[in-house]
Amino acid sequence: MAPPAPARPAPVEAPPAASPSAPSPEAEKPQDVEKPDGSEAKKLPRFASLRADEVNMRAGPGRRYRINWVYKRRDLPVEIMREYDVWRWVRDPDGIEGWMQQATLMGRRTFIVQKADATLRAEASDAAAAVAILKPGVIGRIRSCEAASDWCNVQAGSYRGYLRREQFWGVFPGEAINP
């Protein structure tokens with residue numbers, strides 16, 4: 001008998017997040033889906049995020065394939081590289097690749113701080129006041145990014161501000177994200 005699939009450890013976020021038992025006002029709104037029915041195909045590669053607290057990454061595009069990883073991190077950003085029917089070939093922030101079912105993904109744009117502490121600023125400037133220091137492993141929401149800007153407007157827990165693109169993973173260079 002094969003051992004169970006390894007579970008991905010969940011890093012602790014630096015800023016306190018809302019209680020998981022109390023739904024946020026955003027959680028009550030309908031979530032944007034990764035690819036709504038009837039829509040035209042979206043371009044590849046693109047980013048999405050995990051819809052649930054537990055998402056399986058499989059070795060192939062189907063339920064008969066073994067589970068390689070179990071992700072226990074809702075909102076974790078992933079990069080969609082390929083599509084096959086309702087399955088998506090994705091890459092996680094650590095570079096691990098595999099298949100996830102479309103229904104486990106959502107189009108909400110999120111980010112993760114990876115390598116070093118990131119300073120969340122009140123304005124899109126290195127001279128602006130610091131709002132918070134985000135530790136590696138912190139996941140937040142990308143509110144907007146201008147294509148020509150090195151800064152993105154983001155939210156992590158109850159903190160809002162601006163991060164430099166190179167301080168997080170979850171956006172392509174020069175990509176515009178509009179609310």
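Strands, taken as DSSP runs of at least two residues, are numbered from the N terminus. The exercises below concern a predicted model.

**Exercise 1. Placing Asn56**

Task: State in which strand Asn56 lies, and decide whether Asn56 is buried, partly exposed or exposed.

Solution. 
1. Asn56 belongs to strand S2, which covers residues 55-58.
2. The relative accessibility of Asn56 is 27%. Buried requires a value under 20% and exposed a value over 50%, so Asn56 counts as partly exposed.
3. Beyond its neighbours within four places in sequence, Asn56 is in contact with Ile67, Trp69, Val70, Trp99 and Met100.
4. Asn68 stands 12 residues from Asn56 along the chain, and the C-alpha atoms of the two are 7.6 Å apart.

**Exercise 2. The surroundings of Ser49**

Task: Determine whether Ser49 is buried or exposed, and find which backbone oxygen lies 2.9 Å from a polar atom of its side chain.

Solution. 
1. Ser49 is part of strand S1, residues 46-50.
2. Its relative accessible area is 0%, so Ser49 is buried.
3. The backbone oxygen in question is that of Arg108.

**Exercise 3. Salt bridges between separate parts of the chain**

Task: Give the number of salt bridges, then explain which parts of the chain are tied together by the pairs of Lys72 with Glu54, Arg109 with Glu175, and Asp150 with Arg164.

Solution. 
1. Side chains of opposite charge can pair when their charged atoms come close. The count for this model is 10 salt bridges.
2. In the pair of Lys72 and Glu54, the closest N and O atoms are 3.1 Å apart. Lys72 is in the loop between strands S3 and S4, and Glu54 in the loop between S1 and S2, so this pair ties together parts 18 residues apart in sequence. Lys72 is partly exposed, at 41% relative accessibility.
3. Between Arg109 and Glu175 the closest N and O atoms are 2.8 Å apart. Arg109 lies in the loop between S7 and S8, while Glu175 lies in the segment after S13; the pair therefore links parts 66 residues apart in sequence. Arg109 is buried, with a relative accessible area of 14%, and Glu175 is buried as well, with 16%.
4. For Asp150 and Arg164, the distance from N to O is 3.8 Å. Asp150 is in the loop between S11 and S12 and Arg164 is in S13, so the parts tied together are 14 residues apart in sequence. Asp150 is partly exposed at 46%, whereas Arg164 is buried at 18%. Salt bridges with shared partners join Asp126, Asp150, Arg164 and Glu166 into one network.

**Exercise 4. The nonpolar cores**

Task: State how many residues the largest nonpolar core has, and identify the strand that gives the most to this core.

Solution. 
1. Nonpolar side chains tend to be buried together in soluble globular proteins.
2. The largest nonpolar core has 16 residues, and those with the most contacts inside it are Phe111, Leu134, Ile142, Leu163 and Phe168.
3. Strands S9, S10, S11 and S12 each supply at least two residues of this core. S12 gives the most, with three residues.
4. Another core, of 15 residues, lies apart from it and includes Tyr71, Ile80, Leu105 and Ile139.

**Exercise 5. The disulfide**

Task: Name the two cysteines joined by the disulfide, and state the handedness of the disulfide.

Solution. 
1. One disulfide is found in a search of the whole structure.
2. Cys145 and Cys152 are joined, with an S to S distance of 1.8 Å.
3. The torsion about their S-S bond is about 120°, so the disulfide is right-handed.
4. Cys145 is buried, with a relative accessible area of 2%, and Cys152 is buried, with 0%.

**Exercise 6. Backbone exceptions**

Task: Describe the peptide bond from Leu44 to Pro45, and give the phi values of Asp75 and Asp85.

Solution. 
1. Most residues other than glycine have a negative phi, and most peptide bonds are trans.
2. The bond from Leu44 to Pro45 is cis, with omega near -10°. Pro45 lies in the loop between helix H1 and S1.
3. Asp75, which is not a glycine, has a positive phi of about 75°. Asp75 is in the loop between S3 and S4 and is buried, at 19% relative accessibility.
4. Asp85 has a positive phi near 55°. Asp85 is in the loop between S4 and S5 and is exposed, with a relative accessible area of 64%.

Conventions:
Residues numbered from 1 in each chain as written. Predicted model: local features only at pLDDT ≥ 70, side-chain atom pairs only at ≥ 80, totals over all residues. Heavy atoms only, no water. Helix = DSSP H or I, 4+ residues; strand = E, 2+ residues; numbered from the N terminus. Buried < 20%, exposed > 50% of the residue type's maximum accessible area, 1.4 Å probe, protein only. Polar contact = N/O pair within 3.5 Å; in protein donor to acceptor, adjacent residues only side chain to side chain. Contact = heavy atoms within 4.5 Å. Salt bridge = Lys/Arg side-chain N within 4 Å of Asp/Glu carboxyl O. Core = buried A, V, L, I, M, F, W, Y, C linked by side-chain atoms within 4.5 Å. Disulfide = S-S within 2.5 Å.
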